[in-house]
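Please inspect the sequence and the model before working through them.

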Amino acid sequence: MSVMNDLLDTLSCQPPAVTPELVERTASNDFGLNGKAQPLGGERDRNFLLHSGGADVLIKVANASEPDELLEFQSMALAHIARQDPELPVPRGIRTRDGRNWAELSGPGGQRYRVRAFDFLRGLAFNDAPDDPRLMRHLGGMLAKLGRALHGFFHPSADHPLAWDLKRLDLLADLVPAIGDPDQRCAVEQGIERFVQHVKPKLTGLRSQVIHNDVSFHNTVVDPGAPFEVAGIFDFGDLIYAPLIQDLAVTASEVPVSRRDPLARSAEIVAGFDRVTPLEDAELELLPDLIASRLALGILIDNWSEQHIAWEDDRDYLAAWHVHAIAVLQNINAMQAGELESMLRAACGRPPARPLTGTTVRSAGNDVDDLMHRRLTHLGNGRYVSYARPVHTVRGEGVWLYDAEGGAYLDAYNNVPHVGHCHPRVIEAVARQTATLNTNTRYVYDAIVSYAERLTRTLPEGLDLCYFVSSGSEANDLAWQLAKVCTGNDGGLIMEHAYHGVTDAVFNLSPSGRNAPVDPVSHIAMLPAPDDYRGKWKRDIEDRGRHYAVFCDQALAKLRRNGHEPAAFFIDSILSSNGIFVPPPGADEVQAGFGRLGKTMWGFETGGVVPDIVTFGKPIANGYPMGLVVTTRAIADRFDEHAEYFSTTGGNPVACASALAVLDVLQDEDLMVHAERVGERIMEGLRQLADQHTLIGDVRGSGLFIGVELVEDRATLEPSAAGARAVADTLRDHKVLVGIDGAYDNVIKIRPPMVFNDEHAGRLLQSLDKALDMY
Ligand code: PMP
């Protein structure tokens, strides 16, 4: 109890009762400063503003209970800061005429008081400045600079007892029962619990030094001419030796509670700090608990002070702070473990440190049925979801998708997160670039050029010129334009049941995107897929390609009969929507590219043909919207004469950073080779399953792009769309995700993130075995 009382003593002392006249006299006699002293607020010291010869000076009359050593500690710290970083906007101490840090005066009752003088820092009160993330980042940066300036400083009194010293929070735990409001009491209890459980055991391992310990909204001013910049940090009365991040926890919890979206503001402060002084992982891990602990400490001390201290100042702002602080603390306490840490890390451009566990905090009624209802009310295409029982996804990681109840689904279907859901290197690249610059191709920046160089190095010679867009559809639309302009023709060849995207022009190239038959357009002619399972020429016919090529001649003849010459032949190089056929020559790499097919980086390479134009999308940037068209210089030159192509978001720096990270991961994790090996293993397992389940008619594919065609009858090859639906739905119920494709909707599509490994393959095959049994 006595330790607690020692701490509380540091709160309970009344400021000295000295008059302005007494202060003016001391200022004049001891400091040579003449002027009128105007009283200011202060909790422990009595403060005055003195206008002296055109300069503003802060006069501080120290509390009588404050030992000399503490004043000396503060003066020496300020002098140290001034030497280390003279630019920092902190008060400079003004010495007495005979060179001392303070003068003394006798109070009305004969008490001796110590009087110090400092430059007065002018500026806009922090809470009157605009609520802008830039200001928060600047504040975080200033705090880090202040920490750096104090780095090598020490004083024997640095670790003095102080109620506001967060690292001693547990010593005040006995004050909790005095909090009257049960909800507040519970929130503070939880805050202290977090401190005791998570923070305290790690305190001694954290980098520590002398810190300011109270860079809050009332100790900071903003530059009125540049309102996103901090113009002054003052009040060095809580200076203490503590972990460096204690300083950040104070500011990140104190300042934002007066703002909208306080935790987002805290994250800005942390990010600003991190940019100047990079935070260690261990520090970032503890910050959420420290922020919660500091809010608990503030509420605890406020509550105690209200009952024990007769404040002279207007305490309204503290009452308002109190209400906010409780709300923020309750919010943090309700967050999922790791959620705030991930938010802070993301603001610093870092990947989440560890998977979140448990359930996400959701608004009331936010379950899947409610969400479906709201989708149908407001989304034009809201009814199109996978599976009879839609999956409410809340998070992804690697090959896993998590639902709102915390259930983990093995994702054997989604290729957009090419190198895995939320790959840390991709997240980091996106977050860093988002925090640095996002602009468009009318300005010159590195990421887009670096990407174009790196990507074209993987393509055959001659395919050198890149046009960046934001989706696969846009890429194909542009490819179509390039082809028309450069050939002067307007006819197109496509595969029956192809899919190339959603723009008006590309929709005509995408018969599989329709729900109802549409009238054929005269400028497009279709070829049947070279289906080597149920087509006329089967897999055992060596030169079947030549036979299927006849359809090309027929389609060209049809175009000509309709009065059109061919501009382009569009082909998805894995014939995905046709039911996945190992590629003949092709150009649309939206699905097949980036090493997925195992043996080659690009689908068209397996056919030994070099297209004039190649389009890319979907996996290119792991989910960040991006599309790309690559072509030859001759075609690009012709097209550039015709139009100045500009896509506002196409190839923006963030998209390119993400796409570059995808290439890095593909290379560093050797994912193409991996895809070939794991793909083989899956195919082998599927063939074994085919021995037991007659529903499986065919197994085909390449690398991690695999189709399992289901048939009611192996002799007639009657497609089993019902079987495919049932199998996909049963797998979904066993928390394994696959898709369905093909002209007859009877092909199970397996196309997982490229990090899908043997273990995942085993689970997929086991679940598929069960699902096939159940049909
Ligand atoms: N081409 C192919 C082969 C596709 O699979 C898709 C998308 N499924 C597209 C183009 C269109 O891409 P996006 O949806 O990004 O517009």
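The model is predicted: local features require pLDDT of at least 70, side-chain atom pairs count only at pLDDT 80 or more, and totals for chains, interfaces and linings use all residues. Residues are numbered from 1 along each chain as its sequence is written, and side-chain values use heavy atoms, with hydrogens and water left out.

**Exercise 1. The ligand site**

Determine which residues are around the ligand and which side chains lie close to its N or O atoms.

Solution. The residues around the ligand are S471, G472, S473, N476, Y499, H500, G501, D572, D588, V590, Q591 and K618.

Step 1: look for polar contacts, that is, pairs of N or O atoms within 3.5 Å. An oxygen atom of the ligand is 2.4 Å from a polar side-chain atom of S473. Another entry pairs an N or O atom in the side chain of Q591 with an oxygen atom of the ligand at 2.6 Å. For D588, a side-chain N or O atom is 2.7 Å from a nitrogen atom of the ligand.

Step 2: consider the cover, using Shrake-Rupley accessible areas with a 1.4 Å probe. On its own the ligand has 400 Å² of accessible area, of which the protein covers 82%.

**Exercise 2. A residue in a helix**

Locate A483 and decide whether it is buried or exposed.

Solution. Step 1: helices are DSSP runs (H or I, at least four residues), and strands are runs of E (at least two), numbered from the N terminus. A483 belongs to helix α14, residues 472–487.

Step 1: buried means under 20% relative accessible area, exposed over 50%, and partly exposed in between (1.4 Å probe, protein chains only). A483 is buried, because its relative accessible area is 6%.

Step 2: its C-alpha atom is 9.1 Å from that of P566, 83 residues away along the chain.

**Exercise 3. Positive phi**

Describe the setting of N213 and D745, given their phi values.

Solution. Step 1: most residues other than glycine have a negative phi.

Step 1: N213, not a glycine, has a positive phi of about 75°. N213 lies in the loop between β8 (208–211) and β9 (220–222), and counts as buried because its relative accessibility is 0%.

Step 2: D745 has a positive phi near 50°. The loop holding D745 runs between β25 (739–741) and β26 (747–750); D745 is partly exposed, since its relative accessible area is 46%.

Key:
Near = heavy atom within 4 Å. Polar contact = N/O pair within 3.5 Å; in protein donor to acceptor, adjacent residues only side chain to side chain.
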